[in-house]
Number of protein chains: 2
Amino acid sequence: MLTRIDHIGIACFDLDKTVEFYRATYGFEVYHSEVNEEQGVREAMLKINSTDDGGASYLQLLEPVREDSTVAKWLAKNGEGVHHIAFGTADVDADAADIKDKGVRVLYPEPRIGSMGSRITFLHPKDCGGVLTELVTSAPPESSEH
Amino acid sequence: MLTRIDHIGIACFDLDKTVEFYRATYGFEVYHSEVNEEQGVREAMLKINSTDDGGASYLQLLEPVREDSTVAKWLAKNGEGVHHIAFGTADVDADAADIKDKGVRVLYPEPRIGSMGSRITFLHPKDCGGVLTELVTSAPPESSEH
């Protein structure tokens, strides 16, 4: 069951500049940053609020680190902006299977590793009203490093 | 101070069909619906979670009700997808003034009425890394009808 807006993924050309925009304009601070080689992105997570399922909602700022990454291709086509949205669940495997059974294309056969050791998958935007939609299960607290 | 992701605004051509997609796929239910004549939209708010500032995070599904509305023009150019993101604050007037002082264009001279009697304004997407960004102060509980 999806229990929170986990994050909004925002694609940018210059991560440092975008982090500074969000800090200077709104006071949002970087909670965590990492490079995800598989996704081909450098990212910063800005924690905005906690949620009543024990999780949190973040902005995820994404800069591509290689030209063949999906985010690089998306930026070349669309320019900077909202790239995807993500819902949090305690069980990404079960929700992905359930949603696949309903006829929505799930992009990964098995969840992959996302921000902060989470397990993630994506749903095809053409099956979701134009919205690239991610499902996220956070890492257990003991294995989360930030 | 911005204290939550208040909502993600998603533009669609057919509100009823999109509401049904979110219900059937994820189990999200309509919390509130209304027509905002000034904005030229029919909308449904799906509550996803509560937030630690006493508010909540929603998906806001938007269908234009007239061809000259900004959402209708946006859909004609972009197709369906994420139209804007919104941050919640206890004082939209103060935050809008503060952000304007930082050189970000605020689209309304004074906040207007948004979903569920909230007071809202928007920041120019060209000043916000391509992200149309809304600021929202919820209506007091006693005047909120849904």
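Read from the N terminus, the elements of chain A follow the order β-α-β-β-β-α-β-α-β-β-β. That makes three helices and eight strands in chain A. The model is a predicted one. With a radius of gyration of 15 Å, close to the 15 Å that the globule rule gives for 146 residues, chain A is as compact as a globular protein of that length. Along the principal axes, the C-alpha atoms of chain A fill a box of roughly 45 × 35 × 25 Å.

Several totals describe the chain as a whole. Of the 146 residues of chain A, 55% are buried. Among the contacts in chain A with a separation of 6 or more, 56% are made by residues 24 or more positions apart. The accessible surface of chain A is about 6700 Å², and carbon and sulfur atoms contribute 50% of that surface. As for charge, chain A carries 14 positive and 25 negative side chains. The centres of these two sets are 6 Å apart.

Which residues point to each side of β4(A)? One way point A56(A), Y58(A), Q60(A), L62(A) and P64(A), while S57(A), L59(A), L61(A) and E63(A) point the other way. All of them are buried, on both sides of the strand. Here buried means a relative accessible area under 20%.

Next come the pairings of this strand. Strands of a sheet pair through backbone hydrogen bonds, in either a parallel or an antiparallel sense. Strand β1 of chain A, residues 2–11, pairs with β4(A) in the parallel sense, over five bridges. Within β4(A), L61(A) is the bridge partner of I10(A). Strand β3 of chain A, residues 41–50, runs antiparallel to β4(A), and nine bridges join the two. For E43(A), the bridge partner in β4(A) is L62(A). β3(A) and β4(A) form a hairpin with five residues between the strands. In this hairpin G54(A) takes a positive phi near 90°.

A positive phi also occurs at a residue other than glycine: M116(A), where phi is near 55°. M116(A) sits in the loop between β6 (112–113) and β7 (119–123) of chain A. Is M116(A) buried or exposed? Its relative accessible area is 13%, so M116(A) counts as buried, the cut-off being under 20%.

In chain B, M116(B) likewise has a positive phi near 55°. The loop between β6 (112–113) and β7 (119–123) of chain B holds this residue. M116(B) is buried, with a relative accessible area of 13%.

The sheet can be followed strand by strand in chain B. Eight strands form an open sheet there, in the order β2-β3-β4-β1-β5-β8-β7-β6, with mixed pairing. Its edge strands are β2 (30–36) and β6 of chain B, each of which pairs on one side only. Within it, V30(B) stands opposite L46(B) in β3(B).

How values were computed: Residues are numbered from 1 along each chain as its sequence is written. Chains are lettered from A and ligands numbered from 1 in the order in which they are written. This is a predicted model: local features need pLDDT of at least 70, side-chain atom pairs count only at pLDDT 80 or more; totals for chains, interfaces and linings use all residues. Side-chain values use heavy atoms; hydrogens and water are left out. Helices (H or I, at least four residues) and strands (E, at least two) are DSSP runs, numbered from the N terminus. The radius of gyration is taken over C-alpha atoms; the globule rule is 2.2 Å times the number of residues to the power 0.38. Buried means under 20% relative accessible area, exposed over 50%, partly exposed in between (1.4 Å probe, protein chains only). Contact means heavy atoms within 4.5 Å. Accessible areas come from the Shrake-Rupley method with a 1.4 Å probe; for residues, only the protein chains shown count as cover. Lys and Arg count as positive and Asp and Glu as negative; His and the chain ends are not counted. The place of a charge is taken as NZ of Lys, CZ of Arg, CG of Asp or CD of Glu. Two strands pair if DSSP finds at least two bridges between them.
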